[in-house]
Amino acid sequence: MLTRRALVRTGAAAAVTGVAAVAALETGVIPGRPRVHEVLGLTGPDGVVPDVPAGPVVSGSFDSSGRRTKVGYSVIYPDGYAASAELPVVLVLHGRGGDHTSAVNDLGIDRYLTAAVRAGTPPFALATVDGGRDSYWHRRADGNDPGFMLDQEFLPLLARRGLLTSRFGVLGWSMGGYGALLLGPSARAVAVGALSPALWRSYADVQPGAFDDAADFERSQVFDRPSGFRDVAVRIDCGRDDPFAGAARELREQLQASGGQQAGVHTPGYWRRMLPDQLRFLGQKVGR
């Protein structure tokens, strides 16, 4: 039988062990923190698509020499504006496995755009385009070059439609968030918004297929290059339980960017929740 002293000692040890286990879980020493936070309701609510009308959406395709294939695209206008309106534009880069329809079908971005403009953000259009299901938005060894497509083909197409491309922004999530950070400065965007950008500090950690080899990884880095963002306003948001949270925080600090780390994981629900802040940020920058 345990004596009272032994029982107290055992209880204290269990309490210390429990505190240590929680600390290890929170710091990532023990895996599974995102799942525990999700069960406990600590990853935040999913964003709810605004109950407002969607504006006009014009879709089409073009033969891209940069991507070596036919590329689909959509141009999204806020409700109350015609599909011929001369508005500033923000390019929208989809995540891995997506295409130009993902922004509307998965995120409801057309209604978020209407809500942002109704709330006072200067009006602008969104332009989505197929970048390749797993291209990671940079030139690949097979010749697929989404960056060339955006800069030399898609932006001129948007200008011919009457959109104002002299001051444009770029928005992306996950793979597209990385793409926005990589391509926005080189394409002379004035603003970049990244949601949960797919960022790695070591080639050994990258998603298989994201880069052709270690040299490709180094050429396509966005870290440690602050001069490239000198004239670009940047906002980076990432959920605290997202696998990319640490890298996103490091880059945000390097660039002294807007945004932050909120409750959330790598899900469309988190991206929808953050869209109002991202669209307001981008609209204020391109609409000046």
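Two strands count as paired if DSSP finds at least two bridges between them. Helices (H or I, at least four residues) and strands (E, at least two) are DSSP runs, numbered from the N terminus. This is a predicted model, in which local features need pLDDT of at least 70, side-chain atom pairs count only at pLDDT 80 or more, and totals for chains, interfaces and linings use all residues. Residues are numbered from 1 along each chain as its sequence is written, and side-chain values use heavy atoms, with hydrogens and water left out.

**View 1. Eight strands form an open, mixed sheet.** The order is E1-E2-E4-E3-E5-E6-E7-E8. Strands E1 (57-64) and E8 (258-262) stand at the edges, each with a single partner strand, so one side of each lacks a neighbour in the sheet.

**View 2. Strands E3 and E4 run parallel.** Four bridges join E3 (residues 88-93) to E4 (residues 125-129). Val-92 stands opposite Thr-128 in E4.

**View 3. Leu-150 makes contacts (heavy atoms within 4.5 Å) beyond its sequence neighbours.** Leaving aside residues within four places in sequence, its partners include Leu-91, Val-129 and Trp-137.

**View 4. Arg-188 forms a salt bridge with Asp-151.** A salt bridge is a side-chain nitrogen of Lys or Arg within 4 Å of a carboxyl oxygen of Asp or Glu. Here the closest N and O atoms are 3.4 Å apart. Arg-188 lies in the loop between H6 and E6, and Asp-151 in helix H5 (residues 146-160), 37 residues apart.

**View 5. Arg-235, Asp-237, Asp-277 and Arg-280 are linked in a network of salt bridges.** The closest N and O atoms of Asp-237 and Arg-235 are 2.6 Å apart.
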